Amino acid sequence: MENSNLIFQVEHIFRCIDDKKPSFEVNMWISEGELYRCIPSATMDVITGGHAFEWEDMDGNPIIPNASIGCEHILLERFVPVAQIPLN
């Protein structure tokens, strides 16, 4: 069996530790203590330079802070890792 091209997919689960609202108006937001899935699509926050990611709630609904201004990412520092679940 050839395994050199095998790619393992992992789902990352994080808990929110900082739900302070950002400086812009948000249409959807996170809640401290709640669990979220991380979507692997990293970008750099233009203000802080920190890593930001797209997130989903545990039902698979994307959390998009404000689509009208193009904000689809939330800073990673607002979360702590809880689990990694292998998908295959």
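Rings of Phe, Tyr and Trp (for Trp, the six-membered ring) pair if their centres lie within 6.5 Å; planes under 30 degrees apart count as stacked, over 60 as edge-to-face and the rest as tilted. In this structure, ring pairs join Phe-14, Tyr-36, Phe-53, Trp-55 and Phe-79 into a cluster.

The model is predicted, so local features need pLDDT of at least 70 and side-chain atom pairs count only at pLDDT 80 or more, while totals for chains, interfaces and linings use all residues. Residues are numbered from 1 along each chain as its sequence is written, and side-chain values use heavy atoms, with hydrogens and water left out. The predictor's confidence in each residue is the pLDDT, from 0 to 100. Its mean over the chain is 87, and 91% of the residues reach 70 or more.

The chain has 0 helices and 6 strands. Both kinds of element are DSSP runs numbered from the N terminus: helices are H or I with at least four residues, strands E with at least two. From the N terminus on, the order is β-β-β-β-β-β. Among these elements, E2 has the lowest mean pLDDT (85), and strand E4 (residues 62–63) has the highest (94). The C-alpha trace spans about 55 × 25 × 20 Å along its principal axes.

A search of the whole structure finds 4 aromatic pairs. One of them is formed by Phe-14 and Trp-55, edge-to-face, with 5.2 Å centre to centre and 85° between the planes. Phe-14 lies in strand E1 (residues 10–16) and Trp-55 in strand E3 (residues 51–57), so this pair ties together parts that are 41 residues apart in sequence. Phe-14 is buried, with a relative accessible area of 12%, and Trp-55 is buried, with 1%. Here buried means under 20% relative accessible area, exposed over 50%, and partly exposed in between (1.4 Å probe, protein chains only).

Tyr-36 and Phe-79 form an edge-to-face pair as well, 5.9 Å centre to centre and with 80° between the planes. Tyr-36 belongs to strand E2 (residues 35–44) and Phe-79 to strand E6 (residues 79–86), so the pair ties together parts that are 43 residues apart in sequence. Both Tyr-36 and Phe-79 are buried.

Leaving aside residues up to four places away in sequence, Ile-63 touches Met-28, Trp-29, Ile-30, Tyr-36, Trp-55, Glu-56, Asp-57, Glu-72 and Ile-74. Contact means heavy atoms within 4.5 Å.

Strand E1 also holds Glu-11. The side chains of Glu-11 and Arg-37 are joined by a polar contact of 3.1 Å. A polar contact is a pair of N or O atoms within 3.5 Å; within protein, one must be able to donate a hydrogen and the other to accept it, and residues adjacent in sequence count only if both atoms are side-chain atoms. The C-alpha atoms of Glu-11 and Cys-38 are separated by 7.3 Å, though these residues are 27 apart along the chain.

For the chain of 88 residues, 26% count as buried. Of the contacts with a separation of 6 or more, 51% are between residues 24 or more positions apart.
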